[in-house]
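Dear colleague,

I am handing over the structure that we spoke about, and below it you will find what came out of going through it. Please read the notes with the model open beside them.

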Amino acid sequence: MSDIENPGPNFTGSGPVEYGPSEAAPRGALERLLASEEARLLAVPGVTSVGIGLGHPGGKALVVGVVDAGVAARLPREIGGVPLVITVTGPVDALRAR
């Protein structure tokens with residue numbers, strides 16, 4: 001079947017779509033760990049981001065962005081048995097709202 005026979009939805013004339021993430025409670029153990037540790041990690045000067053990602057060798061991990069290697073050296077290598085993958089991102093500045 002070609003796209004001409006089944007063109008899909010028509011978004012012509014649709015405007016901006018409001019983004020509304022669900023406020024669902026964290027589901028898994030890793031999400032609960034992130035919810036409990038995120039604020040503590042972000043309170044460390046030089047930590048720019050915290051999230052969930054892939055660790056070494058392909059397992060799940062908490063991923064932490066930091067401004068430099070000095071900050072990385074002050075962080076633990078794991079929290080609650082979950083490894084931290086620490087990436088030096090450099091400073092991160094948010095864009096101003098227009």
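What percentage of the 98 residues in the protein do buried residues make up? Buried residues make up 23% of them, where buried means under 20% relative accessible area, exposed means over 50%, and partly exposed lies in between (1.4 Å probe, protein chains only). Please keep in mind that this is a predicted model, in which local features need pLDDT of at least 70 and side-chain atom pairs count only at pLDDT 80 or more, while totals for chains, interfaces and linings use all residues. Residues are numbered from 1 along each chain as its sequence is written, and side-chain values use heavy atoms, with hydrogens and water left out.

Overall layout

The secondary structure comes to 2 helices and 4 strands, and from the N terminus on the elements run α-β-β-α-β-β; helices (H or I, at least four residues) and strands (E, at least two) are DSSP runs, numbered from the N terminus. The accessible surface of the protein comes to about 7,600 Å², of which 57% belongs to carbon and sulfur atoms, with areas computed by the Shrake-Rupley method and a 1.4 Å probe, and for residues only the protein chains shown count as cover.

The 4 strands form an open sheet in the order 1-2-4-3, with mixed pairing, and two strands are said to pair if DSSP finds at least two bridges between them. Strand 1 (47–54) and strand 3 (78–79) stand at the edges with a single partner strand each, so one side of each is left without a neighbour in the sheet. Helix 1 (residues 29–42) packs on this sheet and touches strand 1, strand 2, strand 3 and strand 4, its direction making about 165 degrees with that of strand 1; here contact means heavy atoms within 4.5 Å, and axes are lines fitted to C-alpha atoms, for helices over the stretch in contact, with angles that run from 0 to 180 degrees between N-to-C directions.

Going through the pairs, strand 1 and strand 2 run antiparallel and are joined by 7 bridges, with Val47 having Val66 as its bridge partner in strand 2 and Gly53 standing opposite Ala61. Their hairpin has 5 residues between the strands, and Gly58 takes a positive phi near 90 degrees there. Strand 2 (residues 60–66) and strand 4 (residues 82–88) pair in the parallel sense over 5 bridges; in strand 4, Leu84 is the bridge partner of Leu62, and Thr87 is that of Gly65. Strand 3 and strand 4 run antiparallel, joined by 2 bridges, and Ile79 stands opposite Val82. This hairpin has 2 residues between its strands, and Gly80 in the turn has a positive phi of about 60 degrees.

Two single residues

Glu37 lies in helix 1 and is buried, with a relative accessible area of 16%. Its side chain makes a polar contact with the side chain of Arg40 (2.6 Å), a polar contact being a pair of N or O atoms within 3.5 Å, where within protein one must be able to donate a hydrogen and the other to accept it, and residues adjacent in sequence count only if both atoms are side-chain atoms.

Ala69, by contrast, is in helix 2 (residues 69–74) and counts as exposed at 54% relative accessibility. Ala69 and Thr87 are 18 residues apart in sequence and 8.7 Å apart in space, C-alpha to C-alpha.
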